[in-house]
Every structure is written in structure tokens, then in C-alpha cells.
Amino acid sequence: MEHYDCAVIGGGLTGLTTAFKLRSLGINAIVIEKQNRIGGQIETHYTKGYVYESGPNTGAISHPEVAELFQSISQYCQLEIANPSAKRRLILKQGVFHPLPNGIKGGIMTPLFTWRDKFRILGEPFRKKGSNPNETVGELTIRRLGKSFLDYAVDPFISGIYSGDPMKLVTKYALPKLYALEQTYGSFIKGGIAKAKEKKSDRDKMATKDVFSVEGGLSNLISSLAQIIGERHIILNAKDIVIHHEHEKWQIDFLYKDNTKSLTANHIVTTTAAYQLPKILPFVDKHLINPIANLPYASLMQVSVGLKENPNPAFKAFGGLIPSIEKENVLGILFPYQCFKNRSPKGKALFSIFIGGIKHPDLLLLKDDEVKEIAIDILQRTMGYDEKYPIEHFAIFRHDKAIPQYDENTKSRIECISKIEAAYPGLFIAGNLKDGIGMADRIKQGISIAIKIAQTTQKDKG
Ligand SMILES: Cc1cc2nc3c(=O)[nH]c(=O)nc-3n(C[C@H](O)[C@H](O)[C@H](O)COP(=O)(O)OP(=O)(O)OC[C@H]3O[C@@H](n4cnc5c(N)ncnc54)[C@H](O)[C@@H]3O)c2cc1C
């Protein structure tokens, strides 16, 4: 039976980053993926000169690990930082997109927030810090900033990242940096000022607010990692994976081309969605695995629209988000052709429209024609689109369980993961069920697990 230092279950960004780092540290790792392709939620599509994503569109270089990863694979693919115009984020209020302010003058002038909350923000540094570690993002925002900031900044921001409900997501887990800012400095404003003055190491400086993709689309990141890992170290179409733990060794059984295949490993890293785990890890007590498997997910639909002519060439921004209070069927629109090179043929426009989310799972059941109507309607009312700019590319991607929601049960879920990992040394339960859903978080988690495994492997080998 083939034996490996580590078997990584799942060939999405977390699994591939883990395997890439393991192999670069000399660890014999294999990736086992159930689908006939790698990438998981990441997939770039190419039609009539349009380059578009069905999963994530952009990430943030929010951890040094992201910059380091791209440096180390620069011979294979090129990191692409979004145009400076991508710094402009729009929020819809009463049918009109307004820029989200990023300075004092813009903050005073914006129609997005009430005058009461604008004045109230002057008192933010003096407000008591929160003491409830399970406080939701919505509760925290109302307490420190006011309801209009929740409605017209935080709610759309949470839709943009989690397709979620700010009244259900727990800040400590969903926005850990924001939670730490309040806990450490007592205030967002005081914390922001202190952070700006803080001396940073050269490595810390590698983490920026820059928004990234990859030249030619995110699938190029996936294929580059796969190329470096090596085709023979990635098994596709591995069905019904079951892991057994016997005599301190791991055995992985799966169906491959209608035959049962088995291999053994010293370490296992699972990177699948939470609800897959009871089947994959049948030896784990159900009192520990069920709370993990019950993690709720938001469903999400991404609609890609290519227009033969750009209806509004002067309009420059990353995209527009739509607050729930506006009662639209759309969560937001991205303008990939404005952020990155060659995403649409010259003079044409490409939009990604997001529909559904945790508050509207019903919208994923709409027929394609109905979805098209919603897409055209929002483009007409907000982007100056009219029938004289024909749609020449249209694609709908429905994601049933798209984004995990770090809700009030997150603490106990993470405790269960820790207990399982402590009971079964060598097993790592990873993926976006914890540590963040962003691509940057996935890269950071994969690198850190690989380093841990490499250290124990090297120790064991003496
Ligand atoms: C529509 C959408 C838009 C998003 N937008 C953004 C964005 O703009 N920016 C951002 O940073 N993030 C975004 N995200 C989140 C981000 O894409 C994910 O968090 C990240 O890609 C997850 O990577 P992963 O490897 O952890 O999981 P996945 O990509 O889900 O990979 C898990 C892999 O495991 C495989 N697998 C599952 N079960 C088994 C099994 N039993 N045996 C073997 N293999 C199995 C799956 O097939 C899959 O390939 C978005 C997600 C979606 C769905």
C-alpha cells in the first residue's frame, strides 16, 4: 500500500496551499479530491473574450503569507493588484449608488449615514468596550457607531464577504481583526490611530489592503500550485473517501475508477466543507463531530453579464453593494473589467451580480429567465444599461452551500475541533469552517498547518 507523510483531503485553495508548502518543505504529501477538477470554489471561465469567475473574484493581501506565496510561485503565475479605481466602493441608497467615504470630509458629506450617527461617532473613542465575546457584528456596530452605520456600511460589507446577516455573525470569529481592535485599544478610532503609528516588521509590511486577483483569472493560481505539487501527487475523482485510524496510522479508502483504493499516511488534513466530515471521519464521536457538521452555510448565486458596449465608461469603481434595508433582490455588483486587465474585450463591459445569501435562499430557486430579468433590471436602474447595449455573454452559477456562517455556535464548534485533534494526533481539521473564509485566510491556514506537520515529521525522522 502506498504510504505518505501527509494526505490532504480536498483540492481547493486550502488543500493545494497545504500540499504546495508541504512538498516545498520536503514532505511527501498527496492531495485527494472527489471532483474531476481541482480548485474547489475557485473557477475561472473563458467565453467570447470575457474572463470571469464563478466563485471568488478578488482577495486581499491581508496576511504576509499571501505575498510570500505569490513571490514563491512568480515563475508560474502573476499576482494582479486591482486598479486604484477599485478603492472606490459604492453603496446603494434609495436607488442611487454613493461612494463609501474614506476620509473626514467624505464622512461628513455622505448621505449614507444620519447626522445623529455622524455626531455620535465623535464619542466613539470614549465608549466602553464590549464584554460579550459572543456579540454579533450588528450588535457591536449599533453599540459603537449607530444604526445607520449598520444599515449602510456594515450590513452591505457583510453581504459582500459572507452573504450573511450581521445580526447572526459573531464579531470575534467573523471579523477577528475588528474584535481585537476594540478589545486591545478600547475603540476603533483609538485602535486605528495606534495601529497606524505601530512599528511594523518588514514581514508584517507585506500585508496590505491591496485587492488582488491573478493575471488571466484565479484558476491560474490553482493550476500553478498543481503544477508545482506535481500531477502524480494529486488524485482526482476519488469518491466516498473514508478515513480509518488504526495503530496510530491513518488509512484512507476511496473508490477510484470503480475500484477500492487504499493508502496510508502519518498525517491527515481535511479541507472539505463541515457537513462532509461525519462521513469522512466515522471513528469520531458524534457528540464532537455533529456540532461541527451543523455549521450553517449561505447559498449564493453569481451572475456574469458581458455587454457589447460599455454603457457608462466614466463610471469607475470596484463595485456596488446593496444594503438589506433597500429591499432589492441583489446583494451587489462587481465590475471586474474595471479592476483587472483583459477581463472583457476592449470597449465592452463585464459585471458580476450576486443574488441570494443567508436572507434569501429562495432566490436560488428562480428559473434562469427570472434571474436574467433581475440582472437586467438592476443594471438598468443603477448602471445606465439599456436595451441598445446587447448582452453578448450571460452565465448563472448557483452555489448551494457557498459561505460558512460563523454564528453563535462557533466557539463550541472550534472547541470540538480542538478536542478531536487532541484525541487523534496527526489529524488536522482545516478549510473555511474555521479561521476565515477569505482566500488570504485559506492561504495562511494552509501554510501554517504545513509548517506544523513538517516540524513533527522532521522531529520523528530524527
Ligand atoms: C460564490 C463565491 C464567491 C466568493 N467570493 C470570495 C471573494 O470574493 N473573496 C474571497 O476571498 N473569498 C470568496 N469566497 C470564499 C472562498 O472562495 C472560499 O473560502 C475558498 O475558496 C475555500 O477554499 P477551500 O479550499 O477551503 O474550500 P473549497 O474550495 O470548497 O475546496 C474543498 C475541496 O474539497 C473537495 N471535497 C469535498 N468533499 C470531499 C470528499 N468527501 N472527498 C474529497 N474531496 C472533497 C471539494 O470538491 C473541493 O474541491 C467566495 C466563495 C463563493 C462560493
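Which residues form one aromatic cluster with Trp 250? Select Phe 283 and Tyr 424 alongside Trp 250 to see the cluster.

Before moving on, note that this is a predicted model, where local features need pLDDT of at least 70, side-chain atom pairs count only at pLDDT 80 or more, and totals for chains, interfaces and linings use all residues. Residues are numbered from 1 along each chain as its sequence is written, and side-chain values use heavy atoms, with hydrogens and water left out.

**Aromatic pairs**

The whole structure holds eleven aromatic pairs. Rings of Phe, Tyr and Trp (its six-membered ring) pair if their centres lie within 6.5 Å; planes under 30 degrees apart are stacked, over 60 edge-to-face, the rest tilted.

Select Trp 115 and Phe 119. Their ring centres are 6.3 Å apart and the planes meet at 40°, so this pair is tilted. Both residues belong to helix 4 (residues 115-120), four residues apart, or about one helical turn. Helices are DSSP runs of H or I, at least four residues; strands are runs of E, at least two; numbering starts at the N terminus. Trp 115 is exposed, at 52% relative accessibility. Phe 119 is exposed too, at 56%. The cut-offs for relative accessible area: buried under 20%, exposed over 50%, partly exposed in between (1.4 Å probe, protein chains only).

Next, select Phe 335 and Phe 351. This pair is edge-to-face, with 5.7 Å between centres and 85° between planes. Phe 335 lies in the loop between strand 16 (330-334) and helix 13 (336-339), and Phe 351 in strand 17 (residues 349-356). Both are buried.

**Charges over rings**

Go to Arg 89. Its charged end sits over the ring of Phe 318, 4.0 Å from the centre. The criterion: NZ of Lys or CZ of Arg within 6 Å of the ring centre and within 35 degrees of the ring normal. Finish at Lys 372, whose charged end sits over the ring of Phe 394, 5.0 Å from its centre.
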